[in-house]
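Biologist: I have a structure open and would like to learn how to read it. Could we take it feature by feature?

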Amino acid sequence: MLSPDTSLTRGAPVWPLFAKELREIVSGRALWTLLLLACPLVGYSFFQAISLYGEASAAAANSPVLAISLSPLDGILVPTFGSFYVAVTLLFPFIAIRALGEEKQSGALRLLVQLPYRTVTLVSVKLAAVFFAWLLCAIPVLSSVLIWSIAGGHLSLAEIVTLFFGHLLYGLLIGAVALFAASITESSATAAIVTLAFTIGSWVLDFTVAGRPGWLEWFAHLSLTQVIRTFEQGLLSVSLVAGVVVVVCAFAALATVWLPPGIAVRQKLIRSALCVAAAAVALLAVTQIKASIDITEDRRNSFPLADARQLAGLADPLSISVHLAAEDPRYIDLQRNVLAKLERVMPRVSIRLASGRQSFASSAGDEAYGEIEYRYGSRSDTSRSTSPREILPLIYGLAGVSPPAPISSAEFPGYPVVMDGAFALLWFLAILPISIVLAWWRSRRLPSNNQTFLKEVVMNSSTKTLLIVAVSVVAVLLPAFAAPIKVDLANETAGAEPKGLVPVVGIWRIENDGGKKLLAVDGRQWKEGQSSAGIADKARALYGERYAEFLDRVQAYAYYPYVVAKDVEDFKNGEITVRFEGLSGRIDQGAGILFNLKPNGDYLTIRANCLENNLVLWKFEKGRRSSVEWVRNTPTATRQWHDLKVRIVGNKVEGYLDGKLYLQHTLPQPVSGKIGLWSKADSYMHFDDFTVVASE
Amino acid sequence: MSARLHAPRRTPARLCALTTVALINVGPIVQAAEVPSYCAELKQVAALALARDKFASIIGAAREGNFLDSKVSLPGWGDCSFYGTRTYTCDSQGFKTADEGNAAHGKVLEEVKSCLRGGWTEDENRASPGYVVLHDERQLASITINTDLTEKGEHIVRLILFLRSR
């Protein structure tokens, strides 16, 4: 047998090789089987998630405090992606194994290694093909995200991207393990057993040793499923990402070592040992990286901003000795609420589980059990609390600094949504499976010529269908994130308060006008000075822990009815539009767009008035109203619909009425705050098409 | 001697003098005819707005929402009432067309200015078609006069007198 021509090794194009690998994957049954099985699996999980989320949302409609806990990340995305994770764990190895196992079984591998490619190139291309296959497998779960978005569910781009990235890393990890398994075994079946030993073995680790003290806890960290947990919690950890990349590269390197036939096993073992050693060193290095990003909207992995900044400035080492068993619920609370956050924010923190080798049951006689000792510099203190409200002041006391003043920032409002999941079932149990079967049928008519494969695949084959589906999912999904936020009233209940808007002052309700649902503010029944019903809960829903100041202001100066949009945290630039109609009002028939709403209750509004035919930019500070810009002669007939628009770019404000620019003003500060709708006195107004287009 | 014998003779010169005096006195009489019939009540309400206890003495029973009865109504106007304790309002009779309503709006403005002349001035920087604002000289209270369309389709003029500072 001749050795490959080394002059060709570097110049050989990779593209045909990649095309061949794609063809191998697409022509196999494993991919289609996984896709078909993933449909009901993902679909049922998604449907269940929608149902449960809807039940919780319905409860939150009567108690806005409950709304704060409603996050689509926990309620919808994690459960739905969880079913995809099961499919990937159990079935994806078969797709990845096929990339190598078929060639080993048929003997084609011996021909393949004769081609002018390095072995590492062969394995890298196979890994790239596995990555492509994983993307195809992700179509069902991506479609669920799309359905959720189209149906009006809230999505945070950062959360969905991070979760998707976590599952992608997990998929690559499974793929790399499968390639390695295929490289060291002679048959696909054996490779599958080896791979499943890794994946199902991870589940066994999770169920048996997780939460146990001592070395078992360390052992539990080897579970592959731990990769996803951190991403599901909304944490983007640099060390975790780097660690997974190292492990993927290590398995790929091992596959490269074991792939070529004709090399002595001893030599392969030596090379493997070197790979493992290099990976271990690299893993040791990346685990020293502490950087991580809390991408969650509710900042669940972080202390409040003021505390985070204060703690970051504490330079001395903080050592914490915890006298709790690892499986003790108090330790789990402490770890989640305090220790993990401290490790993220403080530069030098060491945590020791003093009762590490104790079990929960054996610690009953220990008087110190339950104590947590904090040592900062030369000072120390002890507490039994697991709450940051008590622990942070203790740490500040040890450091000799004062607790910081809270920093005003937007609070997580929660996103309750009640929707019908019937379409999701139709999609996952009928439309998508039929599409996949059709694509499968088309795939069986693929050309056999590898060199023309890619062209045929992209232009004429069933993969085109799948790619169109994938691209469509992405194309529709991406604009969904940047699409205007329109407060949809179609699913609202006539006679009830709106769900997408939080009434703060005045009587706001949904009214049915000739079959169309509209938002109404009814000042005829309202008494000046009365805030809306349940204002304490609503203030808390809007501003979380810093709701007290907002509540005080609202209750003290409830002179002007207004609602606040739930889904807009901080509006700085863009356009806000609304249609309105003045129905009645002896004193006023005012309709305004409220913006720049601060946690202290101050805000700005541009309002039209059917009784005055003017457009005015009002400023409200500590309940006092003053006109900032006043434009006369703006025809606003009563009992007619009008369009009101506010355009904001930094500190520049423009006011439009019925499409005509009337008002221009430059504020001393850029606009930043929540937004909503505004009215005045006995105004009885209808609002519709409240739309927000935020821009950077 | 009878009184008749002592009656002065009305010579042409005296007639001229009497005519002159009469014409001089007719001016105020003609002007007084432009002062509206509701002027006295309007002055009373306007004076209360600037008084210490404001409208407390003329506020009546509570109505629906934030409205309250008024013990003082402007003659010729309807539904005089208070919105809260700081805003007094009355509606005119209804007119069939917008033109009639606008004409009445202009007429009311002149009547109010005529009634309250001296102490109240029109703020032309705030005026729009169908909407005018008058402020008292100390800027403590304002009067707005605007047009509106009722549920019955009638065009009306509405007068609102309110305290400015809260």
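**Reading the strands, helices and contacts**

Modeller: This is a predicted model. We can start with a pair of neighbouring strands: 6 bridges join strand 17 of chain A to strand 18 (residues 652-657) of chain A, and the two run antiparallel.

Biologist: What lies between strand 17 and strand 18 of chain A in the hairpin?

Modeller: There are 2 residues between strand 17 and strand 18 of chain A, and Gly650(A) in the turn has a positive phi of about 65°.

Biologist: Which other strand of chain A is joined to strand 17 of chain A?

Modeller: Strand 12 (residues 574-584) of chain A is joined to strand 17 (residues 641-649) of chain A by 8 bridges, and this pair runs antiparallel. Here the bridge partner of Phe580(A) is His642(A) in strand 17.

Biologist: How do I read a whole sheet?

Modeller: Strands of a sheet pair through backbone hydrogen bonds, either parallel or antiparallel. In chain A, 7 strands form an open sheet with antiparallel pairing, in the order 8-11-20-13-14-15-16.

Biologist: Which strands are at the edges of that sheet?

Modeller: Strand 8 (501-505) and strand 16 (624-631) of chain A are the edge strands, each pairing on one side only. From one strand to the next, the twist averages 25°. Within the sheet, strand 13 (residues 590-597) and strand 14 (residues 603-609) of chain A run antiparallel and are joined by 6 bridges. Ile593(A) stands opposite Ile606(A) in strand 14 of chain A.

Biologist: Which helix packs on this sheet?

Modeller: Helix 21 (residues 535-543) of chain A does, touching strand 8, strand 11 (562-565) and strand 20 (674-678) of chain A. The direction of helix 21 makes about 130° with that of strand 8 of chain A.

Biologist: Where in chain A is the pairing mixed?

Modeller: In an open sheet of 4 strands in chain A, in the order 4-3-5-6, the pairing is mixed. The edge strands, which pair on one side only, are strand 4 (349-353) and strand 6 (379-383) of chain A. In this sheet the twist averages 15° from one strand to the next. Strand 3 (residues 318-322) and strand 4 of chain A run parallel, joined by 5 bridges. In that pair, Leu318(A) stands opposite Val349(A). Helix 17 (residues 388-399) of chain A lies across strand 3, strand 5 (372-376) and strand 6 of chain A, at about 165° to strand 6.

Biologist: Now helix against helix. What should I look at?

Modeller: Take the angle, then the residues in the contact. Helix 7 (residues 119-137) and helix 9 (residues 157-184) of chain A pack at about 135° with their axes 10 Å apart. Because of that angle, helix 7 of chain A counts as oblique to helix 9 of chain A. The crossing of helix 7 and helix 9 of chain A is right-handed. Helix 7 of chain A contributes Val123(A), Lys126(A), Leu127(A), Val130(A), Phe131(A) and Trp134(A), while helix 9 of chain A contributes residues including Gly171(A), Gly175(A) and Leu179(A). By class, the contact has 9 nonpolar, 2 polar and 1 charged residues.

Biologist: At what angle do helix 8 and helix 18 of chain A cross?

Modeller: Helix 8 (residues 139-150) and helix 18 (residues 422-443) of chain A cross at roughly 150°, and their axes come within 11 Å. Angles over 145 degrees count as roughly antiparallel, so helix 8 of chain A is roughly antiparallel to helix 18 of chain A. Helix 8 passes helix 18 of chain A in a right-handed crossing. The contact involves Pro140(A), Ser143(A) and Ile147(A) of helix 8 of chain A and, among others, Phe423(A), Trp427(A) and Leu432(A) of helix 18 of chain A. The residues of this contact divide into 7 nonpolar, 1 polar and no charged.

Biologist: How many residues of chain B are in contact with chain A?

Modeller: On chain B, 19 residues are in contact with 19 residues of chain A. Strand 4 (87-91), strand 7 (141-149) and strand 8 (155-163) of chain B each give two or more residues to this side. Strand 7 of chain B gives the most, with 3 residues. The chain B side divides into 6 nonpolar, 8 polar and 5 charged residues.

Biologist: Where should I be careful?

Modeller: Where pLDDT is low, the predicted coordinates should not be read in detail. Chain A averages a pLDDT of 84, and 87% of the residues score at least 70. Over residues 1-9 of chain A, pLDDT stays under 50, and the model has 8 contacts beyond four places in sequence for them. Residues 478-482 of chain A also have a pLDDT below 50, with 4 contacts in the model beyond near neighbours in sequence.

Notes
Residues numbered from 1 in each chain as written. Chains lettered and ligands numbered in written order. Predicted model: local features only at pLDDT ≥ 70, side-chain atom pairs only at ≥ 80, totals over all residues. Pairing = 2+ DSSP bridges. Axes fitted to C-alpha atoms, helices over the stretch in contact; angles between N-to-C directions. Contact = placed C-beta atoms within 7 Å. pLDDT = per-residue confidence, 0-100. Nonpolar A, V, L, I, M, F, W, Y, C, P; charged D, E, K, R; others polar. Parallel < 35°, antiparallel > 145°, perpendicular 65-115°, else oblique. Left-handed = near helix turned anticlockwise from the far one by under 90°.
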